[in-house]
Amino acid sequence: MLAIDRLTKRFGDKTAVDAASFVTDKPTMIGIIGRSGAGKSTLLRMINRLAEPTEGRITYNGEDVTHLSGARRRDWQSRCAMIFQQFNLVPRMDVVSNVLHGTLNRRSTLATMFNLYPQADIHTAIDILDRLGIAEQAPKRAEALSGGQQQRVAIARALMQDPDIILADEPIASLDPMNAQIVMEALRRIHDEDGRTVICNLHTLDTSRRYCDRVIGMRDGRIVFDGTPAQLTTGVARDIYGAGADFSEAATSTEIETLNQAGAAIRVPA
Amino acid sequence: MTDATAQIQANYMALVNRRRLYGGLTLAVFALLMISGFNIADDRNAGGFWDGLHNIGDYPADVLSEAWAKRADLPGLLVKYIPALIETINIAAVSTLVGAVAGLFLSLLSTRGLARWPRAIPVFRRFMDLMRAIPEIVIALMLIFVMGGGPVPAMIAIAIHTAGALGKMFSEVAENADLKPVDGLKSTGATWSQQMLLGVIPQIAPNYLSYALLRFEINIRASAILGFVGAGGIGYELRNAMAWGPGRFDEAAAIFILLFATIVAFDQVSSRYRDRLTKGARA
């Protein structure tokens, strides 16, 4: 499956990702945690080949994808779909068209220009939207949707690619707790039902603990933790975030339940 | 799949089919207009498009072959025409400067929210439309008729056009300016010019400079063209060399090289600076 070997990215004299290595042997749901600027986004962007690695290797099922170019690179990109923090949809186009963008790798520019998608693809797109619970939004413009709905459209576009891997870069960072839960549950369901690998950058501990089978912690570009959520103790978490003893998991939480618990703990009897 | 989804799919397919139909019709009308327009133009042409098409390379071939035959003279000719080139660039520079300053005032006077006399906005806007609508060459011909040939009429003509064009672009930039600093300055009792100078111009200066540089490039071309109607500079020399016909084609080639090199050089320099102004210096 996916193997990352000493992957490094430097911007000038700054090292964003420093010799990151990990291997997956079966479809897994992986959460990558760490402070902002820890190199999580750069790592995902390198796997998708949106960013060029400075050093190291990415292999998938034995195939080296680190230096693919042209059509073969685009083919790889269509096999590892990307989901972004700011959704990155085309705002003025309708929802179904945005989902159909997932098939662009298989279509010529001319067919795209005249909007000639096969009927079967259009039906599949609407089925995917239905699976994510937003089929009624199909004819609306993407910009007219709420953040949570837009992120689900982005997930639908990723599913339309029928990818082996889904890379999600902070998919819930600009969503409210309710929508964050819906989006994370959708990603988990895609992993459970379709058996796709999902690699998800998260900045909250409890989200990764709750939804992921495996957690990778990054600090200053290095992978400093790689294990199961159970192995992720508060001490390890403090290490990843470089925090002091006052650090608690609830402090980074966006979950509704945790907020309630935290609120209950703070409440002082009158 | 539920019935509701099937319904959504059917509705969306109908929508797509309607869009495709409209798209196809638009394309058909466009193609029809292009073809019929071409045929009308071709009929009215003296020579006919297809009959003349194979002659298209003749003139450049003549110029190139003669320039190549006399290539030993080329460096001398390049040096000979450099003063004319400098005159052309000077016309462009002065007219850009004058036009940009005029455009700045016009833009501030015609932007909603900033204008000194809000009711006069349409007046200033129409005035700018007028400045843009009359081609430079027409203004230049009129001025040359009145003042005689030379660089000054060309400079005025280009400056008028520049003021109109930049005023329009500047006012679009100024419309997006943040009005809070202006309110702050107004609250201190500042005059309109002080509000503009301190509250608006710092915000919009990078975009203004970038547009002005773009305009400078365009004006170099314009000032070369105006040379053809007697405004001096390298355009005047080029017209003479070309009108003379065979025998002075080497001079024409030298002028082409100079013009091309100048435009490329200024293009490179100004796009570098424009990039820095709009995106900030690279760290």
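## Close-up views of a two-chain predicted model

**View 1. Helix α1 of chain A is mostly covered.** Helix α1 (residues 40-47) of chain A has 8 of its 8 residues buried, a residue being buried if 20 or more other C-beta atoms lie within 10 Å of its own, exposed if 12 or fewer, and partly exposed in between, with C-beta atoms placed from the backbone. Helices (H or I, at least four residues) and strands (E, at least two) are DSSP runs, numbered from the N terminus. The buried residues of α1(A) are Lys40(A), Ser41(A), Thr42(A), Leu43(A), Leu44(A), Arg45(A), Met46(A) and Ile47(A). After α1(A) comes Arg49(A), with a positive phi near 70 degrees.

A word on the model: this is a predicted one, in which local features need pLDDT of at least 70 and side-chain atom pairs count only at pLDDT 80 or more, while totals for chains, interfaces and linings use all residues. Residues are numbered from 1 along each chain as its sequence is written, and chains are lettered from A and ligands numbered from 1 in the order in which they are written.

**View 2. An open, mixed sheet in chain A has 6 strands.** Follow the strands in the order β6-β7-β8-β3-β9-β10 (chain A); two strands pair if DSSP finds at least two bridges between them. β6 (80-83) and β10 (222-227) of chain A are at the edges, and each has a single partner strand, so one side of each lacks a neighbour in the sheet. On average, neighbouring strands of this sheet are turned by 15 degrees against each other, direction ignored.

**View 3. Strand pairs of the sheet, seen bridge by bridge.** β6(A) runs parallel to strand β7 (residues 165-169) of chain A, joined by 4 bridges; here Cys80(A) has Ile165(A) as its bridge partner in β7(A). Strand β3 (residues 29-33) and strand β9 (residues 214-219) of chain A also pair in the parallel sense, over 4 bridges, and Ile32(A) is partnered by Ile216(A) in β9(A). β9(A) and β10(A), in turn, are antiparallel and share 5 bridges, with Gly217(A) opposite Phe225(A) in β10(A). Their hairpin has 2 residues between the strands, and Asp220(A) takes a positive phi near 50 degrees there.

**View 4. Chain A meets chain B.** Here 13 residues of chain A are in contact with 11 residues of chain B, contact meaning that the C-beta atoms of two residues, placed from the backbone, lie within 7 Å. On the side of chain A that touches chain B, helix α5 (residues 119-131) of chain A gives the most, with 6 residues. That side divides into 7 nonpolar, 3 polar and 3 charged residues (Ala, Val, Leu, Ile, Met, Phe, Trp, Tyr, Cys and Pro count as nonpolar, Asp, Glu, Lys and Arg as charged, and the others, Gly among them, as polar). From chain B, look for Ile8(B) in helix α1 (residues 3-44). Ile8(B) counts as buried because it has 21 C-beta neighbours inside 10 Å. Leaving aside neighbours within four places in sequence, Ile8(B) is in contact with Ile126(A), Ala135(A), Glu136(A) and Ala138(A).

**View 5. Two helices cross in chain B.** The axes of helix α6 (residues 136-147) and helix α7 (residues 151-175) of chain B come within 8 Å and cross at roughly 145 degrees; axes are lines fitted to C-alpha atoms, for helices over the stretch in contact, and angles run from 0 to 180 degrees between N-to-C directions. The residues of this contact divide into 12 nonpolar, 1 polar and 1 charged.
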